[in-house]
Every structure is written in structure tokens, then in C-alpha cells.
Amino acid sequence: CALFFFNCSSNHLIVCGHRGAMGHATENTIASIKKGIELKADMLEIDVFKIKTGEIVVFHDDTMERITNGTGKIEDYNFVDLRKVLIEGKHQIPTLEEVILAIDRKAVLNIELKGENTASDTYAIIEKFKGKGWKESDFFISSFRKGELVKMRALNNSIAIGLLTYQEPIDQVLKNAKEVKAQAINPYYKTLTKEDVLTMKANKYKVIPWTVNDSLDIKNMKDMKVSGIITNFPERVR
Ligand code: G3P
Ligand code: CA
């Protein structure tokens, strides 16, 4: 049931590893994906950008400096130069295809469209894998960028979409979620109220807050009956 939870009527709590399982391995790397699988997460979240030569790559920041030996904006890189950059001295920045191969359908891949103009190329990659045995339900698309979600929904009417939110008023959240025909709302946990959770669930959305790491916060989210939890530590949610 876990892999197909959007069609599943059980109360299974969706455990989503954040940037792979970044509490245990370097964020958004193949190592982090493997760790998330080992920890039996139902879903693993990653962030994607489109670079200058057109590839969709897995990286969180819009600039390179925080975790790599590169400099400047990731979107200004060509693929050859991007491959020379190392994260924390040892990991290459993976492509979306490499991450899909690494996850190998052992968890749902939650692709956060972090950069602009990522929806159509990401969807083309999903389509390519659907031709090789992957299912649409192996993927979940999320973003704070409503425009990218609108583009994704125009490409596919049924793929699972989660609208990421950060303290917007509930009426605005519901309006945006309806516009992109979302299956889920992924709200910021710190300001999420029980009333918000009830309202979102009454409107038939899964509620999957980010990014909940502290055990007491995890318990509070469970008490509020969220549908899933995005966390750096999947084992704590389990
Ligand atoms: O998917 C939710 C979470 O990843 C959003 O925050 O900054 O980690 O991408 P961020
Ligand atoms: Ca993210």
C-alpha cells in the first residue's frame, strides 16, 4: 500500500525523507537516496534545477557556495563544468535520471521543482522512465512555484502534485491547490494548526508538512493527524 498511498484508503502515515535522508547522508546525493531506501522511507524528496545545457540536476540552493567547491548560480553551469564540481569534496551533483535509477521504485520520488522552467523537462524524463517500467505513481511533484505546478498539471492531469506552502492564509492555499488540482498540500509545520489540517483534509487533500526533525514536533504532527511527514530522519517518524 505504501507505494500507492494516493489511491489507498488506509491511515498509513507517509514517511518522506528530506533531500534523500539528509540527517544521515549528504543532501540530494545518490548516497542520501540509498540511505533513505535503507531507512524504509515511503517517499524521498529531492530538489531540481535546469542548467544552461538543459539537463535537470538535483541540488537545493540556487548558488553553489554553501556545500560545493563551485561558485555562482547553478543555472549558469554547463553539464561538463557541473560534473567537475564536488559536494563536500566527494559527491558529484547527480542528474534527475541518475536519482531515478538509484531509487529504482523502492520509494516514491518526490521531485521538488525548485528552479524555474523545470516542469516540462522533468515531465519528459518521467515519461521516458514510464516507457521503461516505471509507473506514474512512482513520482510525486511538489513546488512552491505555482507556475511550474500549473505547467505540470497541463502536461498530465493525474500525476500526484503537492503544493508547498509557507504561512500563506488558508483561503489562498486552498485556491492555489484547487488551481493546480493538487492531491496534497505540503505546509510549513511550525505554523500549521489543527484547524488547518482539518480544513485541508475536509477539502480532500493529503497534508504532508515539512521539515519535521525533532521527536516532540513529530509527535505533535501525528497528534494533529497529518497524512505524512517530511523529515531528515525517517527512522524517527517510524
Ligand atoms: O519539500 C519540502 C522542503 O524540502 C521545502 O524546503 O528548503 O528544504 O527545499 P527546502
Ligand atoms: Ca526541497
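In this predicted model, the crossing of helices α4 and α5 turns out to be right-handed. Helix α4 covers residues 119-130 and helix α5 covers residues 146-155, and their axes come within 9 Å, crossing at roughly 40°. That angle falls in neither the roughly parallel class, which is kept for angles under 35 degrees, nor the roughly perpendicular one, which runs from 65 to 115, so α4 and α5 end up oblique to each other. On the α4 side, the meeting is made by Ala119, Ser120 and Tyr123, while α5 brings in Glu148, Lys151, Met152 and Leu155. Sorted by class, this contact of α4 with α5 holds four nonpolar residues, one polar residue and two charged ones.

Next comes a glutamate in a loop. Glu55 sits between β2 (43-50) and β3 (56-58). Setting aside neighbours within four places in sequence, the contacts of Glu55 are Phe79 and Thr95. Glu55 can also be placed relative to Glu97: the two are 42 residues apart in sequence, yet their C-alpha atoms are 9.6 Å apart in space.

Lys40 has a phi near 65°, a positive value in a residue other than glycine. Its place is the loop between α1 (30-38) and β2. There, Lys40 has 14 C-beta neighbours inside 10 Å and so counts as partly exposed.

Lys225, a residue other than glycine, likewise has a positive phi, near 60°. This lysine belongs to the loop that links α8 (215-223) to β9 (228-231). Lys225 is partly exposed because it has 13 C-beta neighbours inside 10 Å, whereas the exposed class would call for 12 or fewer.

Notes: Residues are numbered from 1 along each chain as its sequence is written. Chains are lettered from A and ligands numbered from 1 in the order in which they are written. This is a predicted model: local features need pLDDT of at least 70, side-chain atom pairs count only at pLDDT 80 or more; totals for chains, interfaces and linings use all residues. Axes are lines fitted to C-alpha atoms, for helices over the stretch in contact, and angles run from 0 to 180 degrees between N-to-C directions. Helices (H or I, at least four residues) and strands (E, at least two) are DSSP runs, numbered from the N terminus. Angles under 35 degrees count as roughly parallel, over 145 as roughly antiparallel, 65 to 115 as roughly perpendicular and the rest as oblique. A crossing is left-handed if the near helix is turned anticlockwise from the far one by less than a right angle, and right-handed if clockwise. Two residues are in contact if their C-beta atoms, placed from the backbone, lie within 7 Å. Ala, Val, Leu, Ile, Met, Phe, Trp, Tyr, Cys and Pro count as nonpolar, Asp, Glu, Lys and Arg as charged, and the others, Gly among them, as polar. A residue is buried if 20 or more other C-beta atoms lie within 10 Å of its own, exposed if 12 or fewer, and partly exposed in between; C-beta atoms are placed from the backbone.
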